[in-house]
Amino acid sequence: MYFQSISIVPSDFTSSVLVSYKTALPPSDSMLPVHTSMHQISPSFQNCAPAGLADNKVYYFLGDFDAKTGKFTPDEHFDNNPALLDYGCNVFTGPSVFVDPQSGDTCVFSIMQDQRTGAEEGAAGWAHCVGLTRKIWLNDEGTDVKMRPVDALHTLEGDVLATGENLTLEQANDALANVKGDLLYIKATLTANDAKQFGIQLKSNGNTDMTSYTYDVEHGTVSGDTRNKGSAASLNHVSGPLMLDDGKLFMEIYIDRSLVEAFFNDTKSISMRSYSDYDSQKIQLFADGDLFVDNLYITDMQSIYKEK
């Protein structure tokens, strides 16, 4: 738990975001405000059918909410055209939302599906888990949602395993050569000089077992791929549109055993389950051309459960 509230006070909404599931069962909504310096907007997230029965992608709208009539009107850009918060395949589900009473930040957390069979869950003794808490706000123009992990997560960082600035791809991978783990925080900013595709491989054995994230410059998409998806997962490859920020890709990735949550340019995320072999813990950047690593920072992560 990263936040504790003594009381929850409802907000007066002036506008809103509606986030929904594509599902065959009746959804339910939750609504909350997000801000820029000039706008207030409130997102609503819809819960869904059980993970094995529906396509549980988390969609959202931006628009105006009239508190008197209870009517939500999507912005023109979002009219009948919702967007996705997370491009993962049925991992990021069941979002819950709240407003931090101290900072006023709008936050969302979720149920992260384990994508295993009931028999596997019973044998393991656990099923699913809570995802990282994510801060939600509006971009400067008030036209779309921004998202990133909450700053409180930085208090759980442990030893710095790799760091550097203004590196070539070879220099960055030299710094990563001895970095291994499955409880890690990875932060990097990458600039594609003439590379058409570039990204990062993690939870890797250096050969056939790996999970990777790739940016495609020509198509303007970011994708995730895992060689060890859960047995109940339908896809091992997912992707969606993402614009570079002044030619740069900013990545924050949290690895928590089988769960990998990756965030790109404070805009989109891809959550995946990766049941890799325990020995598959290497990390490597890759590119099909010249890639500049503006900065690189990796730490191990500490447990939220403190020893008494």
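**Figure 1. Six strands form an open sheet in the order S12-S22-S13-S18-S19-S20, with antiparallel pairing.** This is a predicted model, with residues numbered from 1 along each chain as its sequence is written. Local features need pLDDT of at least 70, side-chain atom pairs count only at pLDDT 80 or more, totals for chains, interfaces and linings use all residues, and side-chain values use heavy atoms, without hydrogens and water. Strands are DSSP runs (E, at least two residues) and helices likewise (H or I, at least four), numbered from the N terminus. Two strands pair if DSSP finds at least two bridges between them. Strands S12 (157-168) and S20 (268-273) stand at the edges with a single partner strand each, so one side of each has no neighbour in the sheet. On average, neighbouring strands of this sheet are turned by 10° against each other, direction ignored. Axes are lines fitted to C-alpha atoms, for helices over the stretch in contact; angles run from 0 to 180 degrees between N-to-C directions.

**Figure 2. Strands S13 and S22 pair within the sheet.** S13 (residues 183-192) and S22 (residues 291-301) are antiparallel over nine bridges. Ile 186 stands opposite Ile 298 in S22. Helix H2 (residues 169-176) lies across S12 and S22. Its direction is about 160° to S12. Contact means heavy atoms within 4.5 Å.

**Figure 3. A hairpin joins S4 and S5.** S4 (residues 58-66) and S5 (residues 71-74) pair in the antiparallel sense over four bridges. Asp 66 stands opposite Lys 71 in S5. Four residues lie between the strands, and Gly 70 takes a positive phi near 75°.

**Figure 4. Phe 98 and Phe 109 form a tilted ring pair.** The structure holds five aromatic pairs. Rings of Phe, Tyr and Trp (its six-membered ring) pair if their centres lie within 6.5 Å; planes under 30 degrees apart count as stacked, over 60 as edge-to-face and the rest as tilted. Here the centres are 6.1 Å apart and the planes at 55°, so the pair is tilted. Phe 98 lies in S7 (residues 92-99) and Phe 109 in S8 (residues 106-112), so the pair ties together parts 11 residues apart in sequence. Elsewhere, ring pairs link Tyr 185, Tyr 254 and Tyr 297 into a cluster.

**Figure 5. Charged side chains sit over two Trp rings.** A charge sits over a ring if NZ of Lys or CZ of Arg is within 6 Å of the ring centre and within 35 degrees of the ring normal. Arg 116 lies over the face of Trp 126, 4.0 Å from the ring centre. The charged end of Lys 135 sits over the ring of Trp 137, 5.3 Å from its centre.
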